[in-house]
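Hi,

Here is the structure I said I'd pass on.

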Amino acid sequence: MSPIGLAVVLAISFGLPAPAARAQALTRVPRIGVLSPQKSAESPALQREPFEVGLREQGWVPGTNLIIEYRYAEGKPEDLPRRAAELVGLKVDVIVARGPQAIRAAHQVTTTIPIVMSAGADPVRGGLVASLARPGGNITGLALFADDLGGKQLQILKEALPELGRVAVLLNPIMSTDQDESFSGKLNQAAQISKVQIQIFRVTRADEIAEAFAAMKRAHVHGLLVRPDPNVLEPNSPQVVAQALKHRLPAIYPWRFYVEAGGLMSYATSLPDIHRRAAAYVTRILRGEKPETLPVELPMKFELTVNARTAKALGLTIPPALRQRADRVVE
């Protein structure tokens with residue numbers, strides 16, 4: 001007897017209607033899509049691996065009781081809408097979108113399939129949700145509010161370098177377009193409090209990074225703040241770190257992996273933890289909860305990482321109080 005037939009017989013034996021048994025026997029394996037602006041070969045330990053760890057913690061076994069469809073823009077953000085449309089065409093049950101551009105691209109192609117933000121920007125200001133407590137649409141998940149971190153990062157850089165006067169801010173304008181006004185306002189306020197001047201340096205391609213650092217040298221900046229950017233800066237983080245060291249620029253970065261690659265400091269939430277926690281949203285949605293009623297989660301823990309070797313190479317002494325506050329010190 002076939003498995004379906006057996007299920008029907010057993011159900012009838014226990015008083016269940018045959019159609020219900022047949023539906024249970026034919027329940028399909030959930031399919032989720034993951035949309036990312038990055039290259040498929042980049043940093044699996046930062047995103048793919050922690051996400052799948054989170055799924056296993058929730059009882060899912062990818063490839064067994066859950067199917068994952070990964071779609072990468074391969075560093076070309078303009079390709080995100082096409083990749084998102086592919087996931088819609090596959091009739092996935094949930095889309096996990098990594099970063100602001102992927103979230104917006106997914107939302108452009110579907111307002112019905114639930115979308116889980118994994119490291120999103122401010123979704124209220126961006127018009128993606130009605131409120132953090134009650135999103136009201138098909139989007140929920142985890143938001144970073146990275147603009148709020150710029151001031152704190154500048155403050156930490158000033159604490160490490162009391163004589164700091166002029167600070168370069170390295171960013172990709174494609175990533176900052178939505179929130180330029182908010183970011184600039186908060187950073188300017190922090191600059192006034194810390195008594196430093198800031199100067200913006202923009203890159204939109206990897207081959208512009210070296211010239212940006214050469215321009216910083218000509219501008220006689222004393223320190224550097226690097227903004228989040230999954231398209232140019234993060235895929236080329238070793239080059240960014242190497243340029244900062246070459247020009248002897250003390251820098252604070254948006255993610256810990258820069259420091260592990262030789263950068264001086266970072267202050268941020270944990271990206272692997274964000275992607276791991278996205279799995280809990282996927283689970284709740286697959287179990288029947290609606291994204292419009294699932295509150296958007298904000299980071300609860302921020303980590304300060306300091307590279308003592310890099311500080312020594314730059315001839316810097318990290319203040320003892322700052323070093324003691326560090327969650328991790330790379331010796």
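A bit of housekeeping first. This is a predicted model, so to speak of local features we need pLDDT of at least 70, and side-chain atom pairs count only at pLDDT 80 or more, while totals for chains, interfaces and linings use all residues. Residues are numbered from 1 along each chain as its sequence is written, and side-chain values use heavy atoms, with hydrogens and water left out.

Start with the sheet. It is open and mixed, with 7 strands in the order E7-E6-E8-E9-E10-E11-E12. Strands here are DSSP runs of E of at least two residues, helices are runs of H or I of at least four, and both are numbered from the N terminus; two strands pair if DSSP finds at least two bridges between them. E7 (197-202) and E12 (328-330) are the edge strands, each with a single partner, so one side of each has no neighbour in the sheet. Strand E6 (residues 166-171) runs parallel to E8 (residues 223-226), joined by 4 bridges, and Val 169 stands opposite Leu 225 in E8.

Now helix H4 (residues 80-89). Its buried residues are Leu 80, Arg 83, Ala 84 and Leu 87, where buried means under 20% relative accessible area, exposed over 50%, and partly exposed in between (1.4 Å probe, protein chains only). They cover an arc of only 100° around the axis, which puts them on the same side of H4; the arc is taken from the directions from the helix axis to the C-beta atoms. An α-helix has 3.6 residues a turn, so residues three or four places apart point the same way. Just after H4, Lys 91 takes a positive phi of about 60°.

Finally, the rings. There are 4 aromatic pairs in the structure: rings of Phe, Tyr and Trp (its six-membered ring) pair if their centres lie within 6.5 Å, with planes under 30 degrees apart counted as stacked, over 60 as edge-to-face and the rest as tilted. Tyr 253 and Tyr 258 are stacked, because their ring centres are 4.8 Å apart and their planes at 15°. Both Tyr 253 and Tyr 258 are buried. Tyr 267 and Phe 302 are stacked too, at 5.9 Å centre to centre and 20° between the planes. Tyr 267 is buried at 14% relative accessible area, whereas Phe 302 is partly exposed at 28%.

Cheers
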